[in-house]
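Hi everyone, thanks for coming.

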Amino acid sequence: MTSRSLTVEDIPMQLMTPQTAGQHPGVLIAHGFSGSKQLMLGYAYVLVHNGYGVLLWDLPGHGANTQPFVYESLQHSFDVSLSTLEQQPEIDPQRLAALGHSMGGGVALRGGIEHGDQLDAVVAISSTDAPVTPELPKNLNLQIGQWESYLAPYAERLLDQAGGASLDVSQGRGRSFKIIPAVEHATILFSDVSHQESLNWLNQTFGLTSMSTYKDRRMAWYGLHLLGWVVAIASALPTVIKPPSPPSKSWDSMPSPASPVPGPSQPLQRKATAARWSWGGLLFAPVIPIAFLKLLNRQTPIDNLGGLLIGGALGVWMLLAGLVWLGTVTAGGRAAIRKPTIKDLKVGAVGFAMLWLGLGALAQWVWLPWFLVPTRLLLWVAISVACIPWFLASSLVQHQAKRRRRLAWWLGQSLVFLVGLTGTIALLPSLGFLAIMLPVFPLLVALFSLVTAKAASPWGACLACAPIFSWLIVTPFPLV
């Protein structure tokens, strides 16, 4: 297999071809909203191992493509990519197809309609709508995941508009619809069944047979890599940062600077009061950002705040929710905020580095464009600052807490994220894409809780977790 990077009209592309001589059938592969060419590599590897050449590219505003995201520019990027693919010496320009997921599936469908004289087949995965006909696109394969049944009516309507199911690909009239078992909108991209369904459909179109039994297992290796770093954080982080000895008192037991020296009955009362304030602040935290974003949306679209589609609004949500929670943590007497020390900065840098390597060292070659372009780096700095109040509050309430209490804080934060963001989406449907990301939040909170437990420094844990969370916001969402 050979791979090379291309840039045409400022569109980042990746061409992957078999090492065997001669010209190969070519397949354009388009990612979905908030995706990237890395996210579609599973299909690329399966196809290349079976004799196809593929071209992946970042749609406008996605991945390394710094052109602003506008729907009107999507088809132009498809046209440029198709022209680029057919000009490659390894590609047979008479045997071309397109494959796309979600928004990219719509791009592939429209490309198959507009370029019906060039494209012999289209595979559309988890797509919704396109002006298909019984003639175009040629040889259409539709796929949805079993756990995204809400897309079934769209796929069935597309199939009906395309003339109904048919396995006769000789005249370009082949049409099929496949439900991929046990996957939803994102995990379908890593499904062997989806990969093989796509390959088999293209093989039917071009009269080819499978050449390899290759199955894409890169996500499994990525999972093992991440697990190894989690173990490293749990075991090595305390050694690397060398926490003070003897350990300092828990923030739960420290009196507020304005409080008198506690008497015999005061510590328990203070801890109970501080706990009520902290939990109340956590539960109330989503109310203010939801109300603010709702009011702001009356004046300006909030889905493109700060030049980052959806991600900018999420950064504002984190800032306001964090300020509310941090304010109640300090007001309740749980802790006074002190300035971070040099040691805190060192702890934060080490923790951030370990999280960055664990989450991203392999991601760039597996599923996520981890290395940010300069425009995204600037946004990362801004959103990192916005995330500091939340993660400082989280670190303060968990500092040297017992395992049971830390588990309670993990559960509380997870529920607040799930319920609070669900409420945000209900009132602000333009942020609806966040619903796909909701299952990830409890996992991230668990990882950040581990860092907090091992860092032995509230500021250190905060400065490790806030920029990583920001990195995960800035990486996927489109630039506008």
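Lining the second largest cavity, you'll find L226, W229, V230, I233, M354, L355, G358, L359 and L447. Helix 6 (218–241) and helix 10 (342–360) each give two or more residues to that lining; helices here are DSSP runs of H or I, at least four residues, numbered from the N terminus. By class the lining has 8 nonpolar residues, 1 polar and no charged ones, with Gly counted as polar. The space inside is about 30 Å³.

A quick word on the source: this is a predicted model, where local features need pLDDT of at least 70 and side-chain atom pairs count only at pLDDT 80 or more, while totals for chains, interfaces and linings use all residues. Residues are numbered from 1 along each chain as its sequence is written, and side-chain values use heavy atoms, leaving out hydrogens and water.

By cavity I mean a set of points on a 1 Å grid where a 1.4 Å probe fits but cannot get out, with lining residues having an atom within 4 Å of a point. Volume is the space filled by probe spheres set on those points.

How much space lies in the largest cavity? About 60 Å³. Its lining includes W390, Q398, F417 and T452, and helix 11 (374–398), helix 12 (403–427) and helix 14 (440–455) each supply at least two residues. Here the classes come to 5 nonpolar, 5 polar and no charged residues.

Finally, back to helix 6, where W221 sits. W221 counts as exposed because its relative accessibility is 61%, and exposed means over 50% with a 1.4 Å probe, protein chains only.

Technical notes
On a 1 Å grid over the protein atoms alone, a cavity is a set of points where a 1.4 Å probe fits but cannot get out, and a pocket is an open set with protein on both sides within 12 Å along at least five of seven lines; lining residues have an atom within 4 Å of a point. Buried means under 20% relative accessible area, exposed over 50%, partly exposed in between (1.4 Å probe, protein chains only).
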